[in-house]
Amino acid sequence: MALTATSACSKSTTRHTTTRVAPTTSTTVPVSADAPLVVAAGDIACPPNLKPSLGQCQQEATAETVESLHPAAVLALGDLQYESGEARNFMASYDASWGRFKSITHPAPGNHDWSTPNLAGYRQYWGLKAASPWYSFDVGAWHLIALDSDCRSVGGCQAGSVEEQWLKADLAAHPARCILAYWHHPRWSSGIHGSDDGYDDFWKDLSAAGADVVLVGHDHHYERFGPDRGVREFVVGTGGRSLYPTISVEQRSEARSSNTFGVLALHLGDGSYSWQFVPSAGGGFTDSGSARC
């Protein structure tokens, strides 16, 4: 899959169909064609009693998109099973669609997953993968960090909290050239939930460590932001449940769509990365580009 592009910011190159384009300078950022491919989305599976339509329950369509890409890893960005992440619904809906990638999926929980007491359904489905609410791993030359953004459930996300201290220690222990973090709730969003500065301490730690990319969901649209303190955020709440409109355009919002289900595909190269929003069947929006790290 080619991820070549024209410009979106002074550090990157882009090509997109979108509601807004930030004027920028063209650059060229080569990314090796054999770089590992990672696919990400959140807000995925409807309860099994809801039927697919143009506006909801497209988890099977997005699963088919993931399958067509043959990724090395899948990043599941929270709210994986609606409405409350019950174990029986995980098996009947999420597992029946995205479950085909379970062995290569690295999940992060969302607020709907936490709606089941003690994250019980999520933990039962994911087993050892849910043993810790936050963890890290490597893909190629990249260090990836999964966090839990349901702050009330995990003792807070602020500086000095258990999770924030773990993040700081993990970053110090893994001084990778390229770093990607992901969780559920956006720090920045033009969607109905909007931006949330409650995640700013995560952001400060990541920026101080030279991180490059943050992936989130929660708002059910796609959005790409220009870097803030060196870190670029993608909102990818387009995994299948439903789509939300964008409300008020945030600063640095460079591309967004609220009418297409799909997934974000990232080629993680040695010193660079490429992205492409890949629509599921029938979707007309796409967005692609590349940047250095």
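I began with Tyr222 and looked up its partner: in β11, Tyr222 is bridged to Val236. The strands involved are β10, residues 222–225, and β11, residues 232–236, which pair in the antiparallel sense over three bridges. I note here that the model is a predicted one.

Next I traced the sheet around these strands. Seven strands form an open sheet, and I read their order as β6-β7-β8-β9-β11-β10-β12, with mixed pairing. At the edges I found β6 (135–139) and β12 (253–257); each has a single partner strand, so one side of each is left without a neighbour in the sheet. Ignoring direction, neighbouring strands of this sheet are turned by 15° against each other on average.

I then looked for a helix on this sheet. Helix α5 packs on it and touches β6, β7 (142–146) and β8 (178–182). The direction of α5 makes about 170° with that of β7.

I followed α5 to its contact with another helix. The axes of α5 (residues 162–173) and α6 (residues 200–208) come within 10 Å and cross at roughly 10°. Angles under 35 degrees count as roughly parallel, and α5 and α6 are therefore roughly parallel to each other. Which residues meet there? From α5 I listed Glu163, Glu164, Leu167, Lys168 and Leu171; from α6, Asp201, Phe202, Asp205 and Leu206. By type, the residues of this contact are four nonpolar, no polar and five charged.

I also checked Ala172, which is in helix α5. Is Ala172 buried or exposed? Its relative accessibility is 62%, so Ala172 counts as exposed. The C-alpha atom of Ala172 is separated by 7.7 Å from that of Ala209, 37 residues apart along the chain.

My next entry is on the interior. The largest nonpolar core has 75 residues, and among those with the most contacts inside it are Leu75, Tyr94, Trp98 and Trp183. I looked up Trp183: leaving out residues up to four places away in sequence, Trp183 touches residues including Leu77, Ala108, Leu147, Tyr199, Phe202, Leu206 and Val216.

Last I turned to strand β3, residues 37–41, where five of five residues are buried. In a regular strand the side chains alternate between the two faces of the sheet. In β3 I found Leu37, Val39 and Ala41 on one side and Val38 and Ala40 on the other, all buried, so both faces are covered. Strand β3 pairs with β13 (residues 262–268) in the antiparallel sense over four bridges, and Ala40 has Leu264 as its bridge partner there. Four bridges also join β3 to β4 (residues 73–77), and these two run parallel. Ala41 is bridged to Ala76 in β4.

Definitions and conventions
Residues are numbered from 1 along each chain as its sequence is written. This is a predicted model: local features need pLDDT of at least 70, side-chain atom pairs count only at pLDDT 80 or more; totals for chains, interfaces and linings use all residues. Side-chain values use heavy atoms; hydrogens and water are left out. Axes are lines fitted to C-alpha atoms, for helices over the stretch in contact, and angles run from 0 to 180 degrees between N-to-C directions. Angles under 35 degrees count as roughly parallel, over 145 as roughly antiparallel, 65 to 115 as roughly perpendicular and the rest as oblique. Contact means heavy atoms within 4.5 Å. Ala, Val, Leu, Ile, Met, Phe, Trp, Tyr, Cys and Pro count as nonpolar, Asp, Glu, Lys and Arg as charged, and the others, Gly among them, as polar. A nonpolar core is a set of buried Ala, Val, Leu, Ile, Met, Phe, Trp, Tyr and Cys residues joined through side-chain atoms within 4.5 Å. Buried means under 20% relative accessible area, exposed over 50%, partly exposed in between (1.4 Å probe, protein chains only). Two strands pair if DSSP finds at least two bridges between them.
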